[in-house]
Amino acid sequence: MVSLPGSPATSLLRFLFLGLTTLAPPSRAQLELHVPPGLTKLQAVEGAEVVLPVWYTLQGEVSSTKPKPWEVLTLMWFLEKEKGLMEVLSHISGVTSSKTGASLVYSMPSRNVSLRLQGLQEKDSGPYLCSVNVQASQGKESRVHSSRTLELNVLVPPAPPSCHLRGVPRVGTNVTLGCQSPRSKPAAQYQWVRSPPSSQVFFAPALDAIHGSLSLKNLSISMSGVYICKAHNEVGSAQCNVTLEVSTGHGATVVAGAVVGTLVGLGLLAVLVILYHRRTKALEEQANDIKEDAIAPRTLPWPKGSDTISKNGTLSSVTSARALRLPRGTPRPGALTPTPSLSSQVPPSPGLPRTDGAHPQPISHSPAGVSSSALSRMGAVPVMVPAQSQAGSLV
């Protein structure tokens, strides 16, 4: 058909041609997935929701939200993990299935295949792969495919930290305040402040913002108070506090002195008791040595007529006279000087006579024929000599 340019017939033919081209599937159509600029890497907070925006166009189209009647869409969303791809959502032959918390932003059919994730957790972080297949309803020869990857990072605000005190808070000593959050992504930073009325903010080197420690040196009473630790990152913060009470330490010193004094006193008492026992033992050993080393008194020879043997075989005591002293000057002729005698008990001798029955009466013999009554008048004193047992020891 030939027509003149600008005629009504030409305009009608052009309209019909464009309509047929739009309805008919292209023989070599190209599929392209689009993502808004700057949204290929997304961040979201744990517990919130996020949308991964993606739409597709065909061969030269700039944008289109409504698919052609002949388009048959196959859509798959995957989360890439170390063990492989994990399916998040699929739309195949008009049927959509997904894991908990995942859904499509727009109902199908639509060329906007954006994915919505709700109730995010840290494990939802990772690269997400969007795969789109478009096929003409007439056959497989017009099938086209494209895919695109978006990165999602789920951030975690710091969990409530725990505060603790290391050291003994006494005047003049050093202590360390510690603070640590059990969970945070990215890692939390720490800040220590002192609460009113004595407000104070701490910085390095006393503060370790990475590990959450605060060093307080040379404590004084004025440093007592409530200290607050704040753990924070780019998506949240949490805090805890610890009360510092600085003591003078006098009570502890007194107690320590009393304990030391008591121990010293007990030690001295123990030493005195030991010395006393040693002294007593030494005296007893010395006395025993003297008894063991003592020599029995020698038995003097007695006249046979002056020895008296008792029934049990021992000698009875013999009375002797003490030597008489004469007046100064020339001794008178015929005067006698009594000789002292010792009395002792000696073991029985086979040569001595033995009397059985009644105890023998002691017989007194006066030396040199002097009678005992004369000796008594002269001032002689009888002397008793300790008895001696058969073994030779003193009785």
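These notebook entries record what I looked up in a predicted model.

**Conventions**

I worked on a predicted model in which local features need pLDDT of at least 70 and side-chain atom pairs count only at pLDDT 80 or more, while totals for chains, interfaces and linings use all residues. Residues are numbered from 1 along each chain as its sequence is written, and side-chain values use heavy atoms, with hydrogens and water left out.

**Entry 1: sheet**

I looked up an open sheet and found 3 strands in the order 3-9-8, with antiparallel pairing. Strands here are DSSP runs of E with at least two residues, numbered from the N terminus, and two of them pair if DSSP finds at least two bridges between them. Strand 3 (50-52) and strand 8 (102-104) are the edge strands, each pairing on one side only. From one strand to the next the twist averages 25 degrees; axes are lines fitted to C-alpha atoms, and angles run from 0 to 180 degrees between N-to-C directions.

I then followed strand 8 to strand 9 (residues 115-117), where the antiparallel pairing extends over 3 bridges. Leucine 104 stands opposite leucine 115 of strand 9.

**Entry 2: backbone exceptions**

I checked the backbone because most residues other than glycine have a negative phi, and most peptide bonds are trans.

I noted a cis peptide bond from proline 196 to proline 197, with omega near 10 degrees. Proline 197 sits in the loop between strand 14 (189-194) and strand 15 (200-201). The bond from alanine 204 to proline 205 is also cis, with omega near 10 degrees, and proline 205 belongs to the loop between strand 15 and strand 16 (207-208).

Serine 93 is exposed at a relative accessible area of 66%; exposed means over 50%, buried under 20%, and partly exposed in between (1.4 Å probe, protein chains only). Asparagine 218, again not a glycine, has a positive phi of about 50 degrees. I located asparagine 218 in the loop between strand 17 (213-216) and strand 18 (225-233), and it counts as exposed at 56% relative accessibility.

**Entry 3: salt bridges**

I found 5 salt bridges in the structure, each a side-chain nitrogen of Lys or Arg within 4 Å of a carboxyl oxygen of Asp or Glu.

Arginine 183 bridges to glutamate 46, with the closest N and O atoms 2.6 Å apart. Arginine 183 lies in the loop between strand 13 (175-180) and strand 14, and glutamate 46 in the loop between strand 2 (41-45) and strand 3, 137 residues apart. Arginine 183 is partly exposed at 36%, and glutamate 46 is partly exposed at 26%.

Glutamate 71 and arginine 111 meet at 2.2 Å, N to O. This pair links glutamate 71 in strand 5 (residues 71-81) with arginine 111 in the loop between strand 8 and strand 9, 40 residues apart. Both glutamate 71 and arginine 111 are buried.

Which residue does lysine 99 meet in a salt bridge? The partner is aspartate 124, at 3.5 Å, N to O. Lysine 99 lies in the loop between strand 7 and strand 8 and aspartate 124 in the loop between strand 9 and strand 10 (126-136), so the pair ties together parts 25 residues apart in sequence. Lysine 99 is partly exposed at 29%, whereas aspartate 124 is buried at 10%. I also noted that shared partners join Glu46, Glu122 and Arg183 into one salt-bridge network.

Conventions:
Helix = DSSP H or I, 4+ residues; strand = E, 2+ residues; numbered from the N terminus.
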